[in-house]
Amino acid sequence: MAMLHTINKSPFERRTLDAALRHAVKGSGILLIEDGVYAAFDGTIVADKVKAAMADHEIYVLGPDVSARGMSEEHVISGVKIVDYDGFVDLVTQYDKVQSWL
Amino acid sequence: MKLSILVNEGPYQHQAADTAIQFTKAAVAKGHEIFRVFFYHDGVNNGTRFAVPPQDDRNITAQWTALAEEHNLDLVLCIAAAQRRGILDENEAKRQGKDGNNIAPGFRISGLGQLIEAGIQSERLVIFGD
Amino acid sequence: MAEPWEDEPEGPVRKFMYVNRRAPYGTIYALESLEVVLIAAAFEQDVTLVFMDDGVFQIKKGQSTEAIGVKNFSPTYRALEGYDVEKLYVERESLESRGLTTDDLVVPVQVLDKDQLAALMEEQEVILSF
């Protein structure tokens, strides 16, 4: 499998999500953690970008970071998979390697 | 699977250390081997036993120490980064002529080569930072 | 002289990529990343350095830091060749969007477009980004 990209920056403040998407080959995974989870919610100005990226990538969001920020599953873009820390570990092992877009 | 973890931020300022702790706990619980946790940049501040967070806050350093004790983890602070930021063990304090040391139990100080070695020996390296 | 913690470990040669995405001086990441690359050179791994996003500013010519009171570490990039670190890549889009060309850089680099860079990243075994 290709690589897993993790993104921990809010897409409203930083361009990290764009940097990751620009370099993510088809089939690589995108995991949103920490402030990166704000990219996972529907109805925002970045939601269309994330939906478009779903054609080429599985997109995951770290559930504990979603709940911590007052959001829940109903806000998450349909098709974005919610994982917990166990799921995070599984993704790290399933994909070949990890690139953290700090 | 054999995993290593790199922590590049200090505790409290950024969520990186908290995420790294949760990830490490989950990985260990799933039966993975943690080859090493390496602390670089301000991440070395995870390893001072002199931090005293408020009682109703989590104690991140104590969490690392507990994890190290429970699971025999190798927690390594980069020596160059630690010296810049005033994190010392007994040896380094003596070598640098300082009047005390502040490294927390479960941590050790060593060189950047330990990070490269972790990259070579581990099947995955996961980085947490800002 | 090699310190004991810099002993070379036994192990296979792996493909390491160092991803530099931050400007120098505003934060310490660029300098401490360079320190990792210098140490890593002793391990005789397959090393690739990439400069993208604000990381291209790290190798901008003509850095003069006297007035900010910080050491100018940009000459060190020119020394990398002596450490057998010869694969330096810059992303075309990052360079162009910042109004720079390769003539502005302190070291010779290969310019890759974003898709070539993405493919190169996929070839790596360990990616270190700070």
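Leaving out neighbours within four places in sequence, C:K61 touches C:D104, C:L105 and C:V106 (contact: C-beta atoms, placed from the backbone, within 7 Å). Keep in mind that this is a predicted model, where local features need pLDDT of at least 70 and side-chain atom pairs count only at pLDDT 80 or more, while totals for chains, interfaces and linings use all residues. Residues are numbered from 1 along each chain as its sequence is written, and chains are lettered from A and ligands numbered from 1 in the order in which they are written.

**Around C:K61**
- C:K61 sits in the loop between β2 (46-51) and α2 (75-79) of chain C (helices are DSSP runs of H or I with at least four residues, strands are runs of E with at least two, both numbered from the N terminus).
- With 11 other C-beta atoms within 10 Å, C:K61 is exposed (12 or fewer counts as exposed, 20 or more as buried, in between as partly exposed).
- From the C-alpha of C:K61 to that of C:I39, 22 residues apart along the chain, is 24 Å.

**The sheet in chain A**
- Chain A has an open sheet of 5 strands, ordered β4-β3-β2-β1-β5, with parallel pairing (a pair needs at least two DSSP bridges).
- β4 (81-83) and β5 (98-101) are the edge strands, each with a single partner, so one side of each has no neighbour in the sheet.
- On average, neighbouring strands are turned by 25 degrees against each other, direction ignored.
- β1 (residues 4-7) and β5(A) run parallel and are joined by 4 bridges; A:I7, for instance, has A:W101 as its bridge partner in β5(A).

**Helix packing within chain B**
- The axes of α1 (residues 16-29) and α2 (residues 60-71) of chain B come within 11 Å and cross at roughly 20 degrees (axes are lines fitted to C-alpha atoms, for helices over the stretch in contact, with angles from 0 to 180 degrees between N-to-C directions).
- That makes α1(B) and α2(B) roughly parallel (under 35 degrees; over 145 is roughly antiparallel, 65 to 115 roughly perpendicular, the rest oblique).
- The contact residues include B:I21 and B:V28 of α1(B) and B:W64 and B:L67 of α2(B).

- α4 (residues 85-94) of chain A and α1(B) have axes that come within 8 Å and cross at roughly 75 degrees, so α4(A) and α1(B) are roughly perpendicular.
- α4(A) brings A:Y85, A:D86, A:F88 and A:V89 to the contact, and α1(B) brings B:Q22, B:F23, B:A26 and B:A27.

Technical notes. Contact = placed C-beta atoms within 7 Å.
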